[in-house]
Amino acid sequence: MVTAHSSAFHLYNIGINYQKADTQLRGEFSLSPDQQIRLLAQAKAQGLPALFVLSTCNRTEIMGFARNPYELISLLVAHANGDMARFTNVASVYKGAEAVEHLFRTATGLNSQIPGDHEIIGQLKNAFQQAQEAGMVDNFLSRLFDKALAASKDVKTNTAFSRGITSVAFAGVQFLQTHFGDLHGKNILLYGAGKMGCKACRYLLKQGANVTLINRSQHKALALQAELPALNIAPVANLTAQLAQADALLVATGATTPTVLPEHIPVQCDLLMLDLSIPPNISPAVKQSPKVQVVDLDSLSQSTTATVAQRESYIPVVEKIVEQHKNAFLDWVSERELTPIIQDFKTQLQAIQQRELAFLAQKSNNFNAEDAQYLSDRLIQKTMAQFVQYLKTAQA
């Protein structure tokens, strides 16, 4: 049993991910950084001891301690745009050891839409740091997170599971390469200069594409252009004019509502559009245009088949590593939970020992206190070893 603070709180992981929810539904439960901060504040106000929130393009999850999973589910639904009914239709709930294993599988890339995705560990670090700043991390959660990082490092050091460039940004560029055959000289309009947009920009420029960046923050666009002089920038107001000149559009913004609308599409426009955003940033109505092809994240995940096939061959090895780290952590949990019982029993044995030694010292003229102390200490040591083994067996 994985508990903390009191027997009333149990470890849970609740959330949705790409396995059951499409991009539109994941978008409804995607949480912005501000929403995550408000959720953490509410959790603290409700007396929940420790948790963190992870929201990426593939998943939105809460992991931490609660009296029951519905406390965490209610928090997520309260701060997301979806409702309870839609969430419960696609939700995943893990408790105790299963929640621990789920975190380790996520940290090592086993749970990623693109297996071995190395971006997830940075996203987990950000989620944990955010929880720390909100005062929602305890010693247990800190230890758990450290072990998840150790499992990830073990996989990266001892397997080729995460080798090769396969991320969402790379998948988008790879899709464009497959579509056009060669990106050299192609006009690619990039909308968004966040982490994913910046990565896609670098990949595109390396392939010789003519890249024009549109971003709501002109300051960030200019900063990226200073780093990458070959990059062109244009204001958001010029979106339609830029689309008319583009061979493809790649959208990677953090907006919570669509940024590319039907009115932005030129009348005569034969265009490929890639939407790397969650929630989707290309309006569903744009798909109705007969000359526009819109490709979302779920479709992109199928375009990295060669690298994914190679990585999948390492899955059995990675699963063994995850199992080892999970069992080591659960052994620590067991010892942690048994420590008060073990210490109390040892204290009682030592009290009995001192009373009996004092009694024998009074009754015997030839009493050897040093030998008696040595013998009784060894008896306590051996008794404690048997007692601990018995408790661990009973707990298993």
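I looked up lysine 199 and found it partly exposed, at 30% relative accessibility (buried means under 20% relative accessible area, exposed over 50%, and partly exposed in between, with a 1.4 Å probe and protein chains only). This is a predicted model, where local features need pLDDT of at least 70 and side-chain atom pairs count only at pLDDT 80 or more, while totals for chains, interfaces and linings use all residues. Residues are numbered from 1 along each chain as its sequence is written, and side-chain values use heavy atoms, with hydrogens and water left out.

I then noted the partner: lysine 199 forms a salt bridge with glutamate 119, with the closest N and O atoms 2.7 Å apart (a salt bridge is a side-chain nitrogen of Lys or Arg within 4 Å of a carboxyl oxygen of Asp or Glu). Because lysine 199 lies in helix α9 and glutamate 119 in helix α6, the pair ties together parts that are 80 residues apart in sequence (helices are DSSP runs of H or I with at least four residues, strands are runs of E with at least two, and both are numbered from the N terminus). Glutamate 119 is buried, with a relative accessible area of 14%.

Next I checked lysine 326, whose salt bridge with glutamate 101 has its closest N and O atoms 3.6 Å apart. Lysine 326 is in helix α14 (residues 315-363) and glutamate 101 in helix α5 (residues 97-107), so this pair joins parts 225 residues apart in sequence. Lysine 326 counts as buried at 11% relative accessibility, whereas glutamate 101 is partly exposed at 26%. I also recorded that Glu101, Glu323 and Lys326 are linked in a network of salt bridges.
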